[in-house]
Amino acid sequence: MAQARLDRREQITGWAFIAPALILLGLFMIYPIVWSLWMSFQVGKGMNLSFGGFANIVRLTKDPVFLRALGNTFTFFIFQVPIMIGLALLFAVALNDSTLRFRGIFRTAIFLPCVTSLIAYSTVFKSMFATDGIFNQALMAVHLIASPISWFGDPFWAKVAIIIAITWRWTGYNMIFYLAALQNIDRSIYEAARIDGVPAWARFRYLTIPMLKPVILFTTVISTIGTLQLFDEVYNFTAGTGGPSDSTVTLSLYIYNLTFKFMPSFGYSATVSWVIVVLVGILTFLQFLVARDRKIKQ
Amino acid sequence: MNRIISRRGRMFGIAMASVSFLSVAAVSAGEISVWVWDANFNGAAMREAGSRYTALKPDATVVVDDTASQDDIRAKLQTQLLAGSTDGLPDIVLIQDDVAQKYLQSFPGAFEPLSDSIDMSAFAEYKVAAATLDGKSYSLPFDSGVTGLFYRSDYIKEAGFTAEDLNNITWDRLVEIGTVVKEKTGHQLLDLDLNDSGLIRMMMQQAGTWYFNEDGSLNIIGNAPLKKALETYAKFYQADLVKPVSGWAEYTGAFTSGEVATVPVGVWITATIKANADQSGLWAVAPIPRLDIEGSVNASNQGGSSWYVLASSDNKAEAVDFLKTVWAGDIDFYQKILVNQGAVGSLLAAREGEAYKATDEFFGGAPVWQDFSTWLSQIPSVGYGVFTAEVDAALQAQLPTIIQGGDLDAALQAINDQATQQMQ
Amino acid sequence: MTVSPMIAGAAARPVARAFVPGNAWALARRGLVYVLLSVAAFLSIFPFFWMMVGATNTSAEIIKGKAWFGGALLTNAATFFAQVDAPRIFWNSGFIAVVATALTLAISSLAGYGFEMFRSKIRERIFGLLLLLLSIPFAAMMVPLFVMFSQAKLVNTFASVILPTVASIFIIFYFRQATKAFPSELRDAAKIDGLKEWQIFLFVYLPVMRSTYAAATIIVFMTNWNNYLWPLIVLQTAENKTITLILSALTSAYTPDYGMILFGTVLATLPTLVIFFLLQRRFVEGMLGAVK
């Protein structure tokens with residue numbers, strides 16, 4: 001794509017373009033992050049901190065809540081991200097068809113969830129997931145269940161409810177990125193393929209997907225990070241407890257509790273934050289690797 | 001670590017000072033700022049107190065900020081105290097009793113001791129105990145969380161019981177009554193949220209224990225009242241007397257809509273219950289049932305909060321004087337907030353006022369406030385310690401197993417292990 | 001539902017006639033697409049609809065699960081405006097969101113362009129590092145950030161809310177990925193015409209990437225409008241708070257007035273919705289059309 005070698009003037013221009021962002025990031029991100037890295041080697045409560053070496057990492061391995069949070073976060077990640085990305089892609093491709101009627105209405109409707117304020121959203125979902133809420137009534141009406149599910153009284157169903165809620169909220173958001181990206185694809189390629197008799201699924205698989213790859217990669221990375229930082233839903237649906245029985249506690253909720261709810265244990269919560277960084281690092285690397293791998297095969 | 005921050009911070013400060021496009025709001029003298037979390041409850045009570053103080057001292061005003069939730073206030077307070085920065089903190093802040101020790105012990109010197117200037121013996125003993133550290137008490141006790149068993153008198157009557165049948169009973173007896181009520185009326189006895197351990201804590205406190213020993217060490221294994229409380233909790237579920245709920249709206253919805261027959265809860269729920277004027281006369285309040293073990297009484301506490309003066313305040317003397325003058329002295333003020341906000345204060349002398357002696361038609365013409373203030377004086381003091389939130393979390397993790405009839409000793413062991421881990 | 005007009009529309013299209021055996025199949029698929037989108041749209045709208053219904057009902061009616069419009073709208077509005085200094089609070093939210101969005105788009109799109117157009121080993125490394133940093137939970141950085149702003153005497157100012165959000169790694173990453181689709185011939189042509197790099201950015205790149213800017217505007221505005229944790233910590237006094245903070249406090253009352261709160265959430269949702277309505281056409285117009 002871009003030139004392999006840049007001359008000196010281009011080098012300077014390159015730095016100039018990214019300089020404002022780098023300066024701000026240095027101030028407001030790198031510095032606090034370095035501070036938090038340093039904190040992760042501190043042990044103690046409140047203001048009484050002392051250097052503890054790797055004590056916090058040892059503590060992590062023995063902490064049942066951390067291990068549950070890690071497990072839950074992975075469960076959410078493995079089930080939720082693919083469902084959401086798949087649906088978003090499907091909606092975007094369907095809505096990109098210029099012959100489709102009511103496109104504006106569909107587009108707005110599907111985007112609405114992520115605009116709906118968190119308060120309205122959590123109030124509504126809590127009432128829909130209530131024991132005599134609309135979900136149970138609907139499921140009983142179609143005889144899928146015999147008695148109402150206590151969604152947030154059961155560790156398994158609580159997870160299902162969280163997955164449903166996040167998918168509802170963020171599918172339209174991801175769809176926006178795909179819609180914007182689809183506009184960048186030259187329509188004439190599609191028309192040519194269509195006239196040549198290439199079936200729709202093949203056009204999707206061999207034209208759309210490869211051309212959307214940078215944005216798919218982008219949304220996957222963002223969703224991975226979003227899931228690993230999952231907080232709003234579990235905090236609001238379970239009154240901040242991550243219950244029942246820690247079945248919905250996530251790493252972010254645990255960090256919040258360690259920082260604000262429990263006896264302030266800042267060093268330890270910084271350590272849990274760094275676990276997220278390491279995990280995202282590994283996952284992002286794998287996602288880039290998968291994306292690159294496919295490119296070579298083509 | 002502090003040195004690194006301050007040096008870098010100062011350089012940053014100099015660099016940033018020039019781009020400041022809105023300056024910090026100035027605090028004028030004679031102004032006492034207060035953080036509260038409910039405009040209609042503690043906010044309204046504090047405003048009333050403020051106007052009374054201004055009437056006495058015209059140059060003093062009390063500015064009440066009710067634009068944050070309780071969780072918000074905790075997060076702000078904890079961030080600022082951790083950062084060692086007191087910029088913009090108020091003069092007085094409201095803190096719930098069961099988390100007070102965490103702040104007092106984590107941030108020594110951040111709060112002003114009040115027991116030197118205010119006579120604490122005028123307040124309910126258990127409230128003062130919650131804010132006492134090393135012989136000094138740091139709070140001006142505000143609302144009491146004295147508990148009662150609110151119940152639908154119509155359902156109870158329909159099932160063949162009288163008010164006397166609910167008077168000073170045990171929880172086990174309540175389970176028997178609840179079974180009959182469910183048979184006869186079809187209503188569940190009560191609604192419970194597995195993410196909330198309030199009922200279990202209430203049961204523990206009525207037997208004078210908490211999660212900790214006096215020295216702050218864990219008291220889980222061998223804590224007989226706790227074990228009995230968990231056993232009782234499981235009984236409700238096993239007798240199928242519970243409507244499971246999740247979250248505040250569903251919790252209050254179950255009794256305001258008339259679905260469940262009783263609500264064992266702190267007195268601060270009164271306003272929520274009375275908000276449904278069409279149910280007037282259908283409700284009554286009985287003493288909270290006791291645990292069926294030695295030493296348990298028919299009185300307990302749930303929630304409740306108190307006022308703390310921040311040591312960083314420029315206005316300390318005036319803030320203390322304000323609390324002393326109105327909150328520790330004005331009996332008439334307590335009548336007013338009882339009537340208007342349903343706030344039951346902790347000043348013992350307040351019960352001698354008019355409003356406390358009045359009867360309430362909503363509760364069948366009973367003298368409910370006299371009852372509550374009687375129970376208030378019977379609440380056993382317990383040490384809430386600094387790790388209540390951690391143990392709560394450990395306990396909630398076991399609740400789903402416990403209600404299915406899981407082994408209680410194993411559950412207590414698991415709670416103990418997790419809490420031990422979290423307390424290091 | 002809306003099946004008949006679309007079948008007619010599809011059948012009239014000449015391209016579809018190229019495959020006679022596939023025609024019925026294409027129609028069936030069309031129908032399926034409509035059903036799928038209608039179901040998704042219904043599910044997406046429902047909570048939003050519920051929120052609007054709630055704004056017209058009393059708190060007691062909402063708890064009882066009333067699902068149709070009621071007569072309490074004016075009461076709810078009156079309670080809301082009595083309890084919340086709405087003009088002030090919405091001004092605060094609006095000012096923060098608009099300034100933050102403008103600055104974020106400017107600074108982050110420049111960086112995204114810079115990273116993609118001028119690749120070098122060291123800048124690639126920096127970019128990789130930034131991606132990693134994106135994953136740090138904000139809660140972990142709050143205390144040091146607060147110390148910084150407190151020492152700069154900026155606590156309780158809008159600057160303290162806006163500044164940390166302006167260089168958004170997320171938006172830089174987004175612009176970089178989108179720039180990959182920017183036709184390099186355009187840039188080469190502009191260079192031959194003698195345009196400087198900043199001119200290319202301003203007069204070629206910016207108009208061509210309109211749909212990307214539109215999407216980013218919506219996302220950034222929404223993020224800032226709903227931002228919660230950091231404004232909560234740095235905005236101290238009632239007159240500086242944002243609508244998101246105020247609504248959160250209202251819900252945590254002992255006896256929340258849900259009717260009034262839902263009226264507030266409807267109001268709080270409108271600005272993002274308006275921006276979405278205004279900008280959504282950009283997704284349809286398309287970039288290639290803009291160039292020609």
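**A tour of chains C and B**

Among contacts in chain C between residues at least 6 apart in sequence, 75% join residues at least 24 apart; two residues are in contact if their C-beta atoms, placed from the backbone, lie within 7 Å. This is a predicted model, in which local features need pLDDT of at least 70, side-chain atom pairs count only at pLDDT 80 or more, and totals for chains, interfaces and linings use all residues. Residues are numbered from 1 along each chain as its sequence is written, while chains are lettered from A and ligands numbered from 1 in the order in which they are written.

Select chain C: it holds 17 helices and zero strands (DSSP runs numbered from the N terminus, H or I of at least four residues for helices, E of at least two for strands). Of its 292 residues, 53% are buried, that is, with 20 or more other C-beta atoms within 10 Å of their own, these atoms being placed from the backbone.

Next, select residues 90-279 of chain C, where an unreviewed UniProt entry places "domain: ABC transmembrane type-1"; such annotations may be inferred rather than shown by experiment. This stretch is 77% helix and 0% strand, with end C-alpha atoms 21 Å apart.

Now display chain A beside chain C: 84 residues of chain C contact 76 of chain A. Helix α2 (residues 23-54) of chain C gives the largest share of that side of chain C, 11 residues.

Finally, select helix α2 (residues 42-56) of chain B. Its buried residues include B:N42, B:M46 and B:Y53. Among the elements they pack against are β1 (31-35) and α12 (316-327) of chain B.

Conventions
Buried ≥ 20, exposed ≤ 12 C-beta atoms within 10 Å, placed from the backbone.
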